[in-house]
Amino acid sequence: MAFIGLLMLGVAVFYYWPIVKNLITSFQQTNAFGGDPQFVGFDNYTALFQDPGLGRAIVNTVLYTVILLLGVPLSVAISAMIELKGLRFKGLYRTVYFMPYLAMPMAVAQVWKILYNGDFGLINQVLKGLGVSNPPYWLVTPWLALISVSVFGLWCAIGFNVIILSSGLKSIPVELYEAASIDGATGLKQFRWITVPLLTPSIFFLTIMTTIGGFQLFDAIYAMISRGNPVEPQTRSLVRLFYQQAFVDSNQGGGAAIAIVILAMVAVVTVIQFIGQKKWVNYV
């Protein structure tokens, strides 16, 4: 009990208390230095929901999350190809896909920012070589900037997905594939009726983790779309809006209100996912 008590004390201090403290702060107004808080009731929430930037931030965050979720089926296909029977250098392939996940996000984002550069970036140089006369300026075009950041996030996430799915594939009994082959099932049918159904627990886990990670979008968009970028206000995520309110505008109460909104959205989406998983996740 003593060991469990110490563990729960740490969880309460470092996880639960910050949530409670943030909730309290969302009903207060403080000065730039955080002192002398004044209770203002729901004023912070009223101002937040009247801010047109909130709706834009929600749309941007959801769009980014949806694009990240597209990486889950892509990762399933990649993992299945890596785990093909007889394929050599499987460990090398896993390492190559996993390396982007291990790299520092801010450092890798700066590399991608150079790749996206409209004047001398590698992507536009390749497009010009293919005959595209006026390739786009990826990070300063309103409808392209967020998608460009999302592609970077997708690239970073695939490595983690592949490792998790590869582990799930190894847990599928080989006898099932052998029996299916005897019955005349082709590789695609085996993938459809054996691999995917038995991989659904891993897919569900990645769906949860990807959704939570998508709602936490900040570092990539902060590194690739700076404050001087003209499209920065149009590409803000919820966490970027929180940063703007709490640390740039010194409105800690407003920032705390945004954090509570993010927490509520993640909780609702997660509950929906757990309810829905009963219809498609197969636990053996």
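Residues are numbered from 1 along each chain as its sequence is written. In this predicted model, local features need pLDDT of at least 70 and side-chain atom pairs count only at pLDDT 80 or more, while totals for chains, interfaces and linings use all residues; side-chain values use heavy atoms, without hydrogens and water.

**Stop 1: the salt bridges**

Select Glu232, Arg236 and Arg240, which are linked in a network of salt bridges. A salt bridge is a side-chain nitrogen of Lys or Arg within 4 Å of a carboxyl oxygen of Asp or Glu. From Glu232, the closest N and O atoms are 2.9 Å apart in the bridge to Arg236, and the N to O distance is 3.3 Å in the bridge to Arg240. Glu232 counts as buried because its relative accessibility is 4% (buried is under 20% relative accessible area, exposed over 50%, partly exposed in between, with a 1.4 Å probe and protein chains only). Arg240 is also buried, at 2%.

Next, select Glu83 and Arg94, whose closest N and O atoms are 2.8 Å apart in a salt bridge. Arg94 is buried, at 18% relative accessible area.

**Stop 2: Val196**

Select Val196, which is partly exposed at 25% relative accessible area. Val196 touches Phe191 and Ile203, leaving aside residues up to four places away in sequence; contact means heavy atoms within 4.5 Å.

**Stop 3: Met1**

Finish at Met1, which is exposed because its relative accessibility is 83%.
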